[in-house]
Amino acid sequence: MVKLSTQEIHDLVDQYREEAIQLFQKTVQIPSPTGQELELSQFFEAYMQSFGLSVSKYEYETGRPNLIAEWTGNEAGKRFIFNGHMDVFPPPKGVTSKYGPWSGVIQDGKLYGQGAGDMKAGDCAAMMAVRILKESGYIPNGKIVLSYMVDEENTSEKGVLSLLKDGLLTNGDFGICMEPSHHKMLMEEGGVWQAEVTYYASGGHTTHPTQEEDALMKSIKAITHLYQLREKILSRSFSQLGHPFFQINMLTAGTVSNIRASKSTFSIDRRFAWEEGIEKVKKEIIDVLDALKAADPAYDYTLREIAYYPCAKRDRNDESVQLMFQACQDITGKQPQSFARYASSDAVHIMDHTGMQMPIYGPGDLDICSTSDECVDLEEYLTTIKIYIRMLDLLLGQRAEENH
Ligand SMILES: [Zn+2]
């Protein structure tokens, strides 16, 4: 049984309208490109303390604290985790924005600034949801965690990955990542695997004839074979994600124009679906390269993994996920569409480490994030606060049967 009617939620958030907009504006006006999150983290820390939360800081690089604040209503209840990041991409170079990257200008109902959508609006919406509930005297039947990470736009090494390694953020029962999803619920991320392949040869001056294939020729032959595999990969299709990707984006060889290339390197960017699985993804590529080597030992190669981000898939039948959809329906009158994409997020890492359900739902349209005129519709932002409150109440409200 929920504690708050939807009308009460609308009224509560409407009372905090100016406060919520001011928080969002101030946050956007504090520059926080990756590596420079300190000032924003200090502001967030002070803000959360101002409504009675105690904030823990975890630093894996000096001056870059990750923040975790927990509000306990009932020690025995379940734990809901909000996860967001404080860092933003640096403003795009060579283009001028209408108001400047850190303006926080409000025009035609939209708030402008670098990182407004990705993901300061979501960060603030979660913070406001907790503040409003707390100040209204609400007591959750469990715990609510606000967590704000650094380093998300880089590799998450100094952020969520280090926290997870240290056993932090691993104790949630469910949660939301507030990345921009523009009224939709992100249910699935494809995985990413990137590697670099290198071939070698003995080199030598162009004018000295040789039968040996140089390193560049080897790379080209390997790429030609990999492109045949690419055809096969692109012909696959998965329910929400659509076609997986296979791209070769970089090729380097040689050092000067009159010496045969003794070394050549190319990079592979593979975006894959849950159903394909990382082991199969790697094996398909390695099999092609190994077949060339089996036919000619001169095709020996080295392969270096550059990046790996796992897949994440939420369970639409999970009760907590159903309640998150329900919360959107209750506030907006319609069910959000679910969607999938071949890109990663901190939520993927949290799910990979813990198995918990953490869909992505947040204000802002990713298509205009990191453009020179990034902005977020204020009504979308305010509606999201209401949805988060509804989610918390549906998931951590006192159940009727627990009163007995
Ligand atoms: Zn983001």
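Helix α4 is followed by Gly-137, a residue whose phi is positive, near 90 degrees. Helices of this kind (H or I, at least four residues) and strands (E, at least two) are DSSP runs, numbered from the N terminus. The model is a predicted one, in which local features need pLDDT of at least 70 and side-chain atom pairs count only at pLDDT 80 or more, while totals for chains, interfaces and linings use all residues. Residue numbers start from 1 along each chain as its sequence is written.

Of the 20 residues of α4, 18 are buried, so the helix is largely enclosed by the rest of the structure. Here a residue is buried if 20 or more other C-beta atoms lie within 10 Å of its own, exposed if 12 or fewer, and partly exposed in between, with C-beta atoms placed from the backbone.

The largest nonpolar core has 84 residues, and those with the most contacts inside it are Ala-125, Ala-129 and Leu-392. Helix α4 (residues 116-135) gives the largest share of this core, twelve residues. Both domain 1 (6-189 + 312-403) and domain 2 (191-309) contribute residues to this core, so it lies between them. A nonpolar core is a set of buried Ala, Val, Leu, Ile, Met, Phe, Trp, Tyr and Cys residues joined through C-beta atoms within 7 Å. Not counting residues up to four places away in sequence, Leu-392 touches Phe-80, Ala-129, Leu-133, Pro-140 and Ile-144; a contact requires C-beta atoms, placed from the backbone, to lie within 7 Å.

The protein is divided into domain 1 and domain 2, with bounds that come from an automatic or database domain assignment. Taken over C-alpha atoms, the centres of domain 1 and domain 2 are separated by 39 Å. Eight residues from domain 1 and seven residues from domain 2 take part in the contact. On the side of domain 1 that touches domain 2, β8 and β14 each supply at least two residues. That side of domain 1 has five nonpolar, one polar and two charged residues, where Ala, Val, Leu, Ile, Met, Phe, Trp, Tyr, Cys and Pro count as nonpolar, Asp, Glu, Lys and Arg as charged, and the others, Gly among them, as polar.

Two strands pair if DSSP finds at least two bridges between them. Strand β8 (residues 185-189) pairs with β14 in the parallel sense over four bridges. Leu-186 stands opposite Phe-339 in β14, and the bridge partner of Glu-189 in β14 is Arg-341. Towards the other partner, two bridges join β8 to β13 in an antiparallel run, with Glu-188 opposite Lys-313 in β13. Strand β8 is mostly covered, as five of its five residues are buried.

Arg-79 lies in strand β3 (residues 78-85). With 18 C-beta neighbours inside 10 Å, Arg-79 counts as partly exposed. Leaving aside neighbours within four places in sequence, Arg-79 is in contact with Gly-142, Lys-143, Val-145, Asn-171, Gly-172 and Asp-173. Gly-113 is 34 residues from Arg-79 along the chain, and their C-alpha atoms are separated by 33 Å.

Key
Contact = placed C-beta atoms within 7 Å.
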